[in-house]
Amino acid sequence: MLSIRVTATISSSSTLFFTNSKKLSNKFSYISNPLNNSSKPIKWNCKNSRMESSKSSFVTKASAQPLTNPAELIDSVETFIFDCDGVIWKGEKLIDGVPETLDLLREKGKRLVFVTNNSTKSRKQYGKKFETLGLSVNEEEIFASSFAAAAYLKSIDFPKDKKVYVVGEDGILKELELAGIQYLGGPEDGDKKIELKPGYMMEQDKDVGAVVVGFDRYFNYHKIQYATLCIRENPGCLFIATNRDAVTHLTDAQEWAGGGSMVGAILGSTKREPLVVGKPSTFMMDYLADKFKIQKSQICMVGDRLDTDIVFGQNGGCKTLLVLSGVTSLSMLQNPNNSTQPDFYANKISDFLSIKAAAV
């Protein structure tokens, strides 16, 4: 089990305007008191949680074991949380055996939840993608990092008179709108260009109280500068990242630069570490456990990434299963320099179907 403490510092020139830290800390364990005006370091006490990966320390676990007895794993938990990209699909292509595997788990009475760091779609939009791929998944079973950003802002009572500047795509905008939060930016800023002439100075909206950065195929210099001004000059402005994934699967042919590249650009210009609400932060895990009243020890996290999916599960106190159908290869898992070891690994989630074959 991991024991992690994270420290974030806000300069004395910043005044945070949120006031209900008691409400938030009572509901979610990952945060102690982020909402004060003190110039002292603000500490997220993350005993079973992780809001930042860069300041974490890890305890080396025993090497992962191949999944030789899937029936035993299935019987040991009540809920399976699945990552999507690299586990359920790659790009727009469904991975072999997924429909049959999900049907098998549902037949055995397991709750299925789908969690993705990809913020380009809302939960409703992801529901349509599942449907297009022939999978019957309820919107309530889907949790994207776009939803996590909106849910986090709601959980801290983000002021009604404040706005969110979005570096990202439509999914974030839709979730903010559903949450009743004002926003600006997003895809419509994708065509904006800066004419660097003598005396030119960009002005930002002083009412922006948070900048949310996610994967953005329309990323440009205008967005970098606008986000930078908000974070650096608007008192108490939050810097929230949906995720820091280095790569993503836009197609099944190769890996593409992920949301971490956009976050990194803003981090570089502001010198501020973001608050990460997607995996491996356990905000979504805490939210799910609270919503469905699930014991975390009764959850198995299934993913294709060691640094997000597996650490997400481990930080939450869950069983973990790595599948080799996405980003991580067997050689990467078994590399002596890799200290993140899941409980089990399998080629893909359809390895669960071996129990059906054995029963015939």
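Lys279 is buried, with a relative accessible area of 1%. In this predicted model, that residue sits in the loop that connects β15 (275-276) to α9 (283-292). UniProt, in an unreviewed entry, places the feature "binding site" at Lys279.

The surroundings of Lys279 come from several parts of the chain. Leaving aside residues up to four places away in sequence, Lys279 touches Asp83, Val115, Thr116, Asn117, Met284, Met301, Thr308, Asp309 and Phe312. With Asp83 there is also a polar contact of 2.7 Å between the two side chains.

Seven strands form an open sheet with parallel pairing, in the order β3-β18-β17-β16-β4-β7-β8. Its edge strands are β3 (65-66) and β8 (142-144), each of which pairs on one side only. In general, strands of a sheet pair through backbone hydrogen bonds, either parallel or antiparallel. Within this sheet, β4 (residues 79-82) and β7 (residues 111-116) are joined in the parallel sense by four bridges. Ile81 has Val113 in β7 as its bridge partner.

Helices lie across the strands. Helix α5 (residues 145-155) lies across β7 and β8 and runs at about 75 degrees to β8. Helix α10 (residues 306-315) lies across β16 (299-303) and β17 (319-323), and its angle to β17 is about 160 degrees.

Phe143 lies in strand β8 and Phe292 in helix α9, so the pair ties together parts that are 149 residues apart in sequence. Phe143 is buried, with a relative accessible area of 1%. Elsewhere, one aromatic cluster is formed by Phe80, Phe82, Trp89, Phe114, Tyr126, Phe130 and Phe352.

A last stop is Asn338, in the loop between α11 (330-333) and β18 (344-346). A polar atom of the Asn338 side chain lies 3.0 Å from the backbone nitrogen of Thr340. Not counting residues up to four places away in sequence, Asn338 touches Leu306, Met332 and Leu333.

Notes: Residues are numbered from 1 along each chain as its sequence is written. This is a predicted model: local features need pLDDT of at least 70, side-chain atom pairs count only at pLDDT 80 or more; totals for chains, interfaces and linings use all residues. Side-chain values use heavy atoms; hydrogens and water are left out. Two strands pair if DSSP finds at least two bridges between them. Helices (H or I, at least four residues) and strands (E, at least two) are DSSP runs, numbered from the N terminus. Contact means heavy atoms within 4.5 Å. Axes are lines fitted to C-alpha atoms, for helices over the stretch in contact, and angles run from 0 to 180 degrees between N-to-C directions. A polar contact is a pair of N or O atoms within 3.5 Å; within protein, one must be able to donate a hydrogen and the other to accept it, and residues adjacent in sequence count only if both atoms are side-chain atoms. UniProt positions are given in the numbering used here, feature names are shortened, and annotations may be inferred rather than shown by experiment. Buried means under 20% relative accessible area, exposed over 50%, partly exposed in between (1.4 Å probe, protein chains only). Rings of Phe, Tyr and Trp (its six-membered ring) pair if their centres lie within 6.5 Å; planes under 30 degrees apart count as stacked, over 60 as edge-to-face and the rest as tilted.
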